[in-house]
Number of protein chains: 2
Amino acid sequence: MKADAIVLFRNAGLFSGLTDAILRKAASMAISGRLSRGQILFYEHERASGVYIVSEGELRSFRQDAEGREQTLSIARCGAVVGLSALFSGGTFFNTTIANSAAEIFCIEKHDVEELCREDPGFVRNAARALANQVREFARVIESLALRSVEQRVAEYLVLVAQESGIENGTICAMELPLTRSAIASRVGSTREVVSRAFSHLETLGLIQTKDRRILAIPDMAALGEFSGVELSSSGPGFQHDESLEGDTAGRMWLNGESKGKRLPRPYVAAS
Amino acid sequence: MKADAIVLFRNAGLFSGLTDAILRKAASMAISGRLSRGQILFYEHERASGVYIVSEGELRSFRQDAEGREQTLSIARCGAVVGLSALFSGGTFFNTTIANSAAEIFCIEKHDVEELCREDPGFVRNAARALANQVREFARVIESLALRSVEQRVAEYLVLVAQESGIENGTICAMELPLTRSAIASRVGSTREVVSRAFSHLETLGLIQTKDRRILAIPDMAALGEFSGVELSSSGPGFQHDESLEGDTAGRMWLNGESKGKRLPRPYVAAS
DNA sequence: CGGCAAATTGAAAAGACTCAAAGTAAGTGG
DNA sequence: CCACTTACTTTGAGTCTTTTCAATTTGCCG
């Protein structure tokens, strides 16, 4: 039983690089549990009693408005942590999370997490990393929602899924969609029908080919990516800072605000 | 010069609760700098060379799409940290940040931050807290963008500003808007004109009264808050978990997923 | 085959964006 | 003090996107 937890934790981001001693300790603290599909792990506003590490299956965190429309914030699979931010900020969950499938999870209760923090700075550091990743991810979502159309967001989502579970065959990439249209809508911030239409339109544009509702092929990933409006990850040529500049002292970094070979219009500045 | 930094750091969330020794050490590492209004501190994708603590003035972090439309992610004022998540995740900034006004800031370089992390677990813990706060805040933004109309988001913004800088007088609350319509638009994810219309409409609804463009009064905060669709903070009666249940062992917390006296429709579940 | 959930499609309406034209406010320099 | 510039705001009209509602259709599973 605890052996399970050790194996899991060894590959979980939250524990990466930590000593076996701590790993074992964490595993001994962990309370294992199962969720059936559709079961809710916790509700928004609830007092956070601990963090959860996903062992099997899939959890989905989301927010819901008064009419019941929902926006999913994140998906957690094997090795991922859920509910971490609540422990470090405010102590109440700020989303509802539900099991997307039957799932197995481990819970580490709040005071045990605190114990781990006290014991091993590396653990806190990993927690910080996990949180930073979430911040980054959320920033992406915010940009998408604010700046892109539904069709673009659907395209973005498809590229994402293709990257993590598609099978490439030359330039073409085949994939199976794990989500229903409704669920996709909840991810990209729209509605069933609009997502459905987005699929149709993407197909008429030749950017995707749907076999079945759940099976589709992307003839040209680059094209779809470009359509989605997402800048291709990890920067093209001549983008990043000159590394050699790094490491010298003093306030150099903000002496030259404007330069930089960018073609973007200048940003707003708040009035005095 | 370094004295400045100590005074600032003592009240900054990133250093709260830390020993004077660490505080002094951090202050001695800090590089002070000034930004003029409109100057850019760093660009998205740039290699993160350190974190910044705001001493004076206001910084704004945002993302921009290809056409130059921008979405602001956060505002940082005195005592706030900027660029923290980049250090803990990936090492490159994931937004651009600009000075909204003339500003004074302190930079702690990457290797110095690492040094502080190694030296004091409390520092890492504070960093984690700061990141968790940002996660929470971003979740709010995502919900707003996905689930609410522009008018509601404007209302939400007004309530926010009123809470932090409005002056109440009985039930009525007067306030000065620090931002132009364009800047508000960038915050709530819309455009000048639409925000302008939102103000007009809110006024015809009697939810706000504008004196000048920058001065307005909210006759009834509760009404405006309700209009915005944001659940009133910190939960009404009978909402939170029964505290007395907390602290007992075992996997009780996920044995009863469904219960909970909620009136919301049941969430989607991804297909098998 | 019947029943059910998911998906699609059409049509109408609402919401949001864009462009263009005016209006307002504050500051500058004569 | 006034004309003038500049930046910000408002408003109207047209268009496009997105949502919503309703009606089918599809595919699956018992």
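Author: Let us begin with a term: a salt bridge is a side-chain nitrogen of Lys or Arg within 4 Å of a carboxyl oxygen of Asp or Glu. Please keep in mind that this is a predicted model.

Reader: What is the general idea behind such a pair, and how many salt bridges are there over all chains?

Author: Side chains of opposite charge can pair when their charged atoms come close. By the rule above, the count over all chains is 28 salt bridges. One of the pairs joins E104(A) and R34(A), whose closest N and O atoms are 3.7 Å apart. Because E104(A) belongs to strand β8 of chain A and R34(A) to strand β1 of chain A, this pair ties together parts that are 70 residues apart in sequence.

Reader: Are E104(A) and R34(A) buried or exposed?

Author: Buried means under 20% relative accessible area, and exposed means over 50%. E104(A), at 10% relative accessibility, therefore counts as buried, whereas R34(A), at 55%, counts as exposed.

Reader: Which residues are linked in a network of salt bridges?

Author: Such a network links E44(A) and R63(A) with E137(B), R140(B), E143(B), R148(B) and E156(B).

Reader: Turning to enclosed parts, why is helix α7 of chain B described as largely enclosed by the rest of the structure?

Author: The reason is that 6 of its 8 residues, in the stretch 181-188, are buried, so helix α7 of chain B is largely enclosed. Among the buried residues are A183(B), I184(B) and V188(B), and what covers the buried residues of α7(B) includes β4, β5, α5, α6 and α8 of chain B. Just after α7(B), G189(B) takes a positive phi of about 75 degrees.

Definitions and conventions: Residues numbered from 1 in each chain as written. Chains lettered and ligands numbered in written order. Predicted model: local features only at pLDDT ≥ 70, side-chain atom pairs only at ≥ 80, totals over all residues. Heavy atoms only, no water. Buried < 20%, exposed > 50% of the residue type's maximum accessible area, 1.4 Å probe, protein only. Helix = DSSP H or I, 4+ residues; strand = E, 2+ residues; numbered from the N terminus. Contact = heavy atoms within 4.5 Å.
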